[in-house]
Amino acid sequence: MADKKIDFSSLKSKGFLPQRQENMFSMRLKVVSGNLDAEKLRAIADAAEKYGSGYVHITSRQQIEVPFVKLEDAEAAISELEKLGISGALPERE
């Protein structure tokens, strides 16, 4: 089976950071000032269960990460959340 070349730049621009485990990523979601309404929190929890390991991590910058998202699920995961206005873009460095 031929290996597909992974466009890490494109994945990173959508908020996906590679993990040590092969073909596994953390999906970092943009959260303005750490504020989310209940509907968006439920959607993130659902995505964590559906595409990740069921866990959510809150970073020191008040962003949310969903660890253990498989490479083949990355596009579906971010597409589902973007429909609700949840962006996967990484925050800009100051």
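This section describes the fold, the helix packing and selected residues of a predicted protein model.

Residues are numbered from 1 along each chain as its sequence is written, and side-chain values use heavy atoms, with hydrogens and water left out.

The protein contains three helices and four strands; helices (H or I, at least four residues) and strands (E, at least two) are DSSP runs, numbered from the N terminus. Along the sequence, these elements are arranged in the pattern α-β-β-α-β-β-α. Of the 94 residues, 31% count as buried, where buried means under 20% relative accessible area, exposed over 50%, and partly exposed in between (1.4 Å probe, protein chains only). The accessible surface comes to about 6,600 Å², and 49% of this surface belongs to carbon and sulfur atoms. Accessible areas come from the Shrake-Rupley method with a 1.4 Å probe; for residues, only the protein chains shown count as cover. With contact defined as heavy atoms within 4.5 Å, 64% of the contacts between residues at least 6 apart in sequence join residues at least 24 apart.

Two packed helices are described by the angle between their axes and the distance between the axes. Helix 2 (residues 38-51) and helix 3 (residues 74-82) have axes that come within 10 Å and cross at roughly 165°. Axes are lines fitted to C-alpha atoms, for helices over the stretch in contact, and angles run from 0 to 180 degrees between N-to-C directions. Helix 2 and helix 3 are therefore roughly antiparallel to each other (angles under 35 degrees count as roughly parallel, over 145 as roughly antiparallel, 65 to 115 as roughly perpendicular and the rest as oblique). From helix 2, the contact involves Ala 43, Ile 44, Ala 47, Lys 50 and Tyr 51; from helix 3, Ala 76, Ala 77, Glu 80 and Leu 81 take part. By class, the residues of this contact comprise seven nonpolar, no polar and two charged. Here Ala, Val, Leu, Ile, Met, Phe, Trp, Tyr, Cys and Pro count as nonpolar, Asp, Glu, Lys and Arg as charged, and the others, Gly among them, as polar.

Gly 15 lies in the loop between helix 1 (8-13) and strand 1 and is buried, with a relative accessible area of 0%. The C-alpha atoms of Gly 15 and Arg 28 are separated by 4.9 Å, the two residues being 13 residues apart along the chain. Arg 28 belongs to strand 2 and is partly exposed at 21% relative accessibility. Between Arg 28 and Leu 17, which are 11 residues apart in sequence, the C-alpha to C-alpha distance is 7.5 Å. Arg 28 is also touched by Thr 59, which touches Glu 65 as well, residues up to four places away in sequence not being counted. Thr 59 is located in the loop between strand 3 (57-58) and strand 4 (64-70) and counts as buried at 14% relative accessibility.

Positive phi values occur at Asn 23, which is not a glycine and has a phi of about 60°, and at Gln 62, also a residue other than glycine, with phi near 65°. Asn 23 lies in the loop between strand 1 (16-18) and strand 2 (24-29) and is partly exposed, with a relative accessible area of 37%. Gln 62 lies in the loop between strand 3 and strand 4; its relative accessible area of 43% makes Gln 62 partly exposed.

Definitions and conventions. This is a predicted model: local features need pLDDT of at least 70, side-chain atom pairs count only at pLDDT 80 or more; totals for chains, interfaces and linings use all residues.
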